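Subject: Structure for you to look at

Dear colleague,

I am passing on the structure below, and the notes after it go through what was found. Please keep it open while you read.

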Amino acid sequence: MASMFSSSEISKSATTLFSAYASFAGSMMLVRSMANELIPHQLRSYLFSTFRYFFTPLSPNLTLTFDERYGMSKNQVYEAAEIYLSTKISPKTERLKVSKTRKQKHFTIALEKGETVVDLFEDVKLTWRFLCTEGQTQKSHSEERRVFELSFNKKHKDKVIDFYLPYVLFKAEEIKNQDKMIRLYSKQCPFIDFEDDGRKNGGSWGSIILEHPATFDTLAMDPDLKKMIIDDLERFLKRKEYYKKVGRAWKRGYLLFGPPGTGKSSLVAAMANYLKFDIYDLRLSSVRSDAELRRDLLSTTNRSILLIEDIDCSSEVLERPIEKKYYKQEEPPAKSGFTRHQLTLSGILNCIDGLWSSCGDERIIVFTTNYKERLDPALLRPGRMDMHIHMSYCTTHGFRLLASNYLGIDSSKYNPFFGEIDGLLKSTEASPAEVAEELMKSEDANAALQGLVNFLKRKRDEGNETKNKATDDSEVSSSIKRLNA
Ligand SMILES: Nc1ncnc2c1ncn2[C@@H]1O[C@H](COP(=O)(O)OP(=O)(O)OP(=O)(O)O)[C@@H](O)[C@H]1O
Ligand SMILES: [Mg+2]
């Protein structure tokens, strides 16, 4: 350079360049000030941002952010991401947050601040990042803002939004259900130490974790009936759209009836375990009015079973005629402290039908009773309860299942006790609870089966005695009638 141009030539060119730049800058300033005067503010900022857009190098990536909160409610995508990503921890992850409550079976694992997880969905690479920043609330208190960021190549935007995010929601629901602790909700009772886990959901319900071991595998009942119930539940779960199409509320009602100890409550627990639904155990004796019932029902959650046990006794509690006036606030409470006539069976049924029709999804309602014949016809009317399930005394099939569960006996092999027990079961009315009780009395299978034989014989003899006595009594009364005649 130095050999081709002299220093004076260089300084001349520099001066020319400088003056050209100065005149360009001057004219730009002039243009700018003219633009300021002539072009309205909004249009100006639009034009500048458009220029900036075109002259800034384009990033191939798009980043979606999911805040923990969406207004006042929780952001469903954030919650789903939190659950889903806990199963996607890669070997590169350096920090994880681990927690567990006393009753939880497994640890809860979550990403720590700043950690990144890479996921693959149909060959699309997706990078998740968990961020916590100090945010300002409206009252200018600083509050931690928790966000998940999801980055991927822009060209996959539609695939991510239309398919990947729904997939994350679905998987999270699946994981939640696998790990879900079923809860038993009851109206607050001083004798039960309910957990305050923030799930009181506004009503007077308290809850404890339900650890009832009953499953469909452990239930001794007619195998065809069992299959029918499982199929019915499966069909119910799959039919959200169908219920919508035919204009019915997405609910299912079951009436379980049968003698004590035949497994009605166990069947409800088995249903809850199978569906992973919580149970709301509603004792009607603790509800004072239709209005209170409405409040209680409104504070139950979706995917739950509302259980009303011994509905026949409840209808005794409910004074009839049911036309008595509904509860009024100003009405003085009865001496007992309960004004039960304010809760009526028709009130309950209407409330349940009405509420379930207007709000809530995936609801199951179960009534149990020992005496179906005592029930109000309103409850038995077709369409009120979808399935009437009879829980019977122990059958030979039921006995085999109990023998296998309680004593580990292989029922397909010959057993010297089975023939006698089958015969006795046919001639006696023994509940599965009674049979199970006998089988638990000894760890020695033969001793337990012998105990069961003795028990069934005793029961048969007692039954015969009662029958004979009843026959004697009726013969005496007909002789008296004849004499009187
Ligand atoms: N069908 C059954 N299969 C297996 N176990 C049963 C069955 N029925 C009863 N049991 C056993 O008996 C116990 C009592 O049964 P459960 O409480 O379910 O009977 P229930 O029909 O609800 O009685 P109640 O009418 O008195 O409420 C259960 O915990 C279970 O161990
Ligand atoms: Mg019961």
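In this predicted model, helix α12 crosses helix α14 in a right-handed sense, where right-handed means that the near helix is turned clockwise from the far one by less than a right angle, and left-handed that it is turned anticlockwise. Helices here are DSSP runs of H or I with at least four residues, and strands are runs of E with at least two, both numbered from the N terminus. Two packed helices are described by the angle between their axes and the distance between the axes. For α12 (residues 396–407) and α14 (residues 432–439), the angle is about 35° and the axes are 10 Å apart; axes are lines fitted to C-alpha atoms, for helices over the stretch in contact, and angles run from 0 to 180 degrees between N-to-C directions. The residues that meet are G398, F399, L402, A403, Y406 and L407 on the α12 side, and P432, V435, A436 and L439 on the α14 side, a contact being a pair of C-beta atoms, placed from the backbone, within 7 Å.

Helix α14 is mostly covered, since 6 of its 8 residues are buried, namely P432, E434, V435, A436, E438 and L439. A residue is called buried if 20 or more other C-beta atoms lie within 10 Å of its own, exposed if 12 or fewer do, and partly exposed in between, with C-beta atoms placed from the backbone. In helix α8 (residues 290–298), the buried residues are L293, D296 and L297. These three lie on the same side of α8 because they cover an arc of only 95° around the axis, the arc being that of the directions from the helix axis to the C-beta atoms.

Leaving aside residues up to four places away in sequence, I305 touches V268, M271, A272, F277, I279, I364 and V366.

R303 is in the loop between α8 and β13 (304–308), and D310 is in the loop between β13 and α9 (311–317). R303 counts as partly exposed because it has 16 C-beta neighbours inside 10 Å, and D310 is partly exposed because 18 other C-beta atoms lie within 10 Å.

For the chain as a whole, there are 15 helices and 15 strands, and 21% of the 485 residues count as buried.

Residues are numbered from 1 along each chain as its sequence is written, while chains are lettered from A and ligands numbered from 1 in the order in which they are written. Because the model is predicted, local features need pLDDT of at least 70 and side-chain atom pairs count only at pLDDT 80 or more, whereas totals for chains, interfaces and linings use all residues.

With best wishes

Key
Two residues are in contact if their C-beta atoms, placed from the backbone, lie within 7 Å.
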